[in-house]
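I opened this entry to record what I looked up in the coordinates. The notes go from helix packing to a single side chain and then to the core.

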Amino acid sequence: MDSPAFDLAFEPAYGQAVPVVSGVERVTVNNPGPFTFFGTNSYIVGSSSVAVIDPGPEDEAHFQALMAALGRRAVTHIFVSHTHRDHSPLSRRLQAATGAMTVGQGPHRPARPLRAGEINPFSESSDLSFVPDIAIGDGETISGDGWSLSAVLTPGHTANHAAFALEGRNILFSGDHVMAWSTSSVAPPDGSMADYMESLDRLIKREDRFLLPGHGGPVAEPATFLPALKAHRLKREQAVLARIRAGDQRITEMVKVIYRDTDPKLHGAAALSVLAHIEDLLERGEIAADGPPSLAALYRPATPK
């Protein structure tokens, strides 16, 4: 299999708490878009005392829906998979209302330093104010009333991305690292393709029964979906390498061919994905560039050693 079977079937049920499995409910924000699908999923984990995963953007209707879904239940922890503005900002208001502790890998940061003259295209999408009360490390576990969540650090989409494993259930809350409806965006300098692929390998080695992502429905068969997703990424890498070997020097030229069947409105995001692949290929010595890698740089095949 060289392409994952993406699942576009999803009913967001805005404003409602939807039972997903025993002890897990989903409330979806009404913030649909090309990168959010039908919207951001917030999860409530537990029974009498709960954790909330990815409270979402600052959105009044969603805040009221979450509070209604929580009812009289105490919220002890608010977990944040990463610090994009569609996932973390509502944590502040939810914390003020519940007194819960916030949990995340750490504050927002780029995967690498910005180069001279470089502008971060996703700076407006990043929640720079979020600082978790608990900076959770890889494999560390936080427990509550009938639930335990362990951090599985998965940098790539962002440098501080974390998934959370529901212990004893073989369920992983995968954030934006792996989703059933689409591939995740990996855009430098916030994202790193090398990190993303290493994180994907981590999940492939796990034995999760299914994944609950930050957007869209569950990944029902991770054992087949994850290797197919990796193959899809590697195929895209080979397409980039093939275009450079065919004589394309600029990312814009590559995007026109590789993403010819994609809505041109998404070509800007596609260019950043190509840049992520190029940075990885440069690091591995597969290609060469005239100066530091960027959207405007010129690329060529590496000189054989």
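I take axes as lines fitted to C-alpha atoms, for helices over the stretch in contact, with angles from 0 to 180 degrees between N-to-C directions. The model is predicted.

Entry 1, a helix pair. I looked up helix 4 (residues 222-245) and helix 5 (residues 251-258): their axes come within 10 Å and cross at roughly 125 degrees. Helix 4 and helix 5 are therefore oblique to each other, since an angle over 145 would be needed for roughly antiparallel and 65 to 115 for roughly perpendicular. I noted the crossing of helix 4 and helix 5 as right-handed. On the helix 4 side I listed R236, A239, V240, R243 and I244, which meet M254, V257 and I258 of helix 5. By class, this contact has six nonpolar residues, two charged ones and no polar ones.

Is E237 buried or exposed? E237 lies in helix 4. Its relative accessible area is 7%, so I recorded E237 as buried, the cut-off being under 20%. Leaving out residues up to four places away in sequence, I found E237 touching H277, D280, L281 and R284.

The largest nonpolar core has 21 residues, and I53, F79, W147, L149, F164, L166 and F173 touch the most other members. Strands 3, 4, 9, 10, 11 and 12 each supply at least two residues of this core. Strand 9 gives the largest share, four residues. I then checked W147: beyond its neighbours within four places in sequence, its contacts include V45, V50, F79, I142 and L166.

Conventions. Residues numbered from 1 in each chain as written. Predicted model: local features only at pLDDT ≥ 70, side-chain atom pairs only at ≥ 80, totals over all residues. Heavy atoms only, no water. Core = buried A, V, L, I, M, F, W, Y, C linked by side-chain atoms within 4.5 Å. Buried < 20%, exposed > 50% of the residue type's maximum accessible area, 1.4 Å probe, protein only. Contact = heavy atoms within 4.5 Å. Parallel < 35°, antiparallel > 145°, perpendicular 65-115°, else oblique. Left-handed = near helix turned anticlockwise from the far one by under 90°. Nonpolar A, V, L, I, M, F, W, Y, C, P; charged D, E, K, R; others polar.
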